[in-house]
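Biologist: I am new to this structure. Please take me through one part of it closely.

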Amino acid sequence: MAFTLYSLLQASLLIVNAVAVLHEERFLRHVGWGSDQGIGGFGEEPGIKAQLMNLIRSVRTVMRVPLIALNSITIVLLLLFG
């Protein structure tokens, strides 16, 4: 398998899919990344952990519908072109 732009896009789609399916109560809370943890005070910069949790929540919220479309397009392309 050659390293092409398509394979790079496909790998990034798989990573975004993996982030989108992480469930807070089932997985993230058991490793200490729940929604109630890492809450800072007023005026404090959020830490790396809080920023990653915000990124995960944002991906789950914003990318839900586009991921369905991108996954469908990827499946059709793989079926057509192998």
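Is Thr-74 buried or exposed, and what is its relative accessible area?

Modeller: First, the ground rules. This is a predicted model, where local features need pLDDT of at least 70, side-chain atom pairs count only at pLDDT 80 or more, and totals for chains, interfaces and linings use all residues. Residues are numbered from 1 along each chain as its sequence is written, and side-chain values use heavy atoms, with hydrogens and water left out.

Now your residue. Thr-74 is buried, because its relative accessible area is 16%. Buried means under 20% relative accessible area, exposed means over 50%, and partly exposed lies in between (1.4 Å probe, protein chains only). Thr-74 sits in helix 4. Leaving out residues up to four places away in sequence, Thr-74 touches Tyr-6, Gln-10 and Leu-13. Contact here means heavy atoms within 4.5 Å.

Next, the helix itself. Helices are DSSP runs (H or I, at least four residues), strands are runs of E (at least two), and both are numbered from the N terminus. Helix 4 covers residues 64-81, which is 18 residues. From first C-alpha to last it reaches 26 Å, close to the 26 Å expected at 1.5 Å a residue. That expected span is 1.5 Å times one less than the number of residues. Just after helix 4, Gly-82 has a positive phi of about 80°.

UniProt, in an unreviewed entry, places a "transmembrane region" at residues 62-81. Its positions use the numbering here, feature names are shortened, and annotations may be inferred rather than shown by experiment. The end C-alpha atoms of residues 62-81 lie 30 Å apart, and the span is 95% helix and 0% strand.

Helix 4 also supplies surface. Tyr-6, Leu-70, Ile-73, Val-76, Leu-77, Leu-78, Leu-80 and Phe-81 make a nonpolar patch of about 780 Å². Helix 4 gives the largest share, seven residues. Ile-73 is in helix 4. Patch residues have over 30% relative accessible area and no salt bridge; nonpolar side chains (Val, Leu, Ile, Met, Phe, Trp, Tyr) are joined within 5 Å, like charges within 9 Å. A salt bridge is a side-chain nitrogen of Lys or Arg within 4 Å of a carboxyl oxygen of Asp or Glu. Areas come from the Shrake-Rupley method with a 1.4 Å probe, and for residues only the protein chains shown count as cover.

One more residue is worth a look. Asn-17 lies in helix 1 (residues 5-20). Asn-17 counts as buried because its relative accessibility is 19%. Beyond its neighbours within four places in sequence, Asn-17 contacts Leu-67 and Asn-71.
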